[in-house]
Amino acid sequence: MAAPSHELPSWDEAAPRQVVDYALRRRARLAEVDSGRVGVGEVCDANPYLRTAAAFHGVPSDVSCPICRKENLTMVSWVFGDRLGQASGSARSAAEIGQLARRYAEFSVHVVEVCRTCHWNHLVRSYVSGLKSQPPRTRKMAK
Ligand SMILES: [Zn+2]
């Protein structure tokens, strides 16, 4: 590897932070389905893009689908951030997110669970990763 190790940020600098857990919202959503206030068709609406992402970038979980219980949910991580350029808004594997986190300043990651059988999907967790932004340097060169 070309880069000397002291130029690489430590994992701590790129570690996930500002983690938001959406378990309560998920439970509320499922309660609405159970009570019949929300139709199954409204919550099992994963679009083709999300389903493809689940197939190619998804990570199997040990949580069974709360709607159909026919399979375990697949976790898909999406990255968002102005500095990511074209990578923003795409699904990424954990290894890819690790690489992005070492190269780019702060971006957010949304983890969505998807059932590939009934197309249930819900936001599970979001967090901020990437390099912590540096404080702006004072310009001393100005005349
Ligand atoms: Zn399902």
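Strand 2 (residues 59–64) pairs with strand 3 in the antiparallel sense over 3 bridges. Two strands pair if DSSP finds at least two bridges between them. In this pairing, Ser64 stands opposite Asn72 in strand 3. Strand 3 is also joined to strand 4 (residues 90–92) by 3 bridges, and these two strands run antiparallel. Here the bridge partner of Trp78 is Ala91 in strand 4.

This is a predicted model: local features need pLDDT of at least 70, side-chain atom pairs count only at pLDDT 80 or more, and totals for chains, interfaces and linings use all residues. Residues are numbered from 1 along each chain as its sequence is written.

Strand 3 (residues 72–80) and strand 5 (residues 107–114) pair in the antiparallel sense over 7 bridges. Met75 stands opposite Glu113 in strand 5. Trp78 stands opposite His110 in strand 5. In a regular strand, side chains alternate between the two faces of the sheet.

Strand 5 is joined to strand 6 (residues 121–129) by 8 bridges, and the two run antiparallel. Glu113 turns up again, opposite His122 in strand 6. The hairpin of strand 5 and strand 6 has 6 residues between the strands. In that hairpin, His119 takes a positive phi near 75°.

## The whole chain

The protein chain has 5 helices and 6 strands. Helices (H or I, at least four residues) and strands (E, at least two) are DSSP runs, numbered from the N terminus. Along the sequence, the pattern is α-β-α-α-α-β-β-β-α-β-β.

Buried residues make up 19% of the 143 residues in the protein chain. A residue is buried if 20 or more other C-beta atoms lie within 10 Å of its own, exposed if 12 or fewer, and partly exposed in between; C-beta atoms are placed from the backbone. Of the contacts in the protein chain with a separation of 6 or more, 59% link residues 24 or more positions apart. Two residues are in contact if their C-beta atoms, placed from the backbone, lie within 7 Å.

## The nonpolar core

The largest nonpolar core has 19 residues. Such a core is a set of buried Ala, Val, Leu, Ile, Met, Phe, Trp, Tyr and Cys residues joined through C-beta atoms within 7 Å. Those with the most contacts inside this core are Val76, Trp78, Val79, Leu100, Val112, Val114 and Cys115. Helix 4, strand 3, helix 5 (94–103) and strand 5 are the elements that give two or more residues to this core.

Take Cys115 as a case. Leaving aside neighbours within four places in sequence, Cys115 is in contact with Cys65, Ile67, Cys68, Glu71, Leu73 and Trp120.

Helix 2 (residues 23–35) has 13 residues, and at 1.5 Å a residue it should span 18 Å. The expected span is 1.5 Å times one less than the number of residues. The end C-alpha atoms of helix 2 are 18 Å apart, which agrees. The number of buried residues in helix 2 is 0, so helix 2 lies largely in the open. Just after helix 2, Gly36 takes a positive phi of about 85°.

Asp45 lies in the loop between helix 3 (40–43) and helix 4 (48–57). Asp45 counts as exposed because it has 11 C-beta neighbours inside 10 Å. The C-alpha atoms of Asp45 and Cys118 are separated by 8.5 Å, although the two residues are 73 residues apart along the chain.
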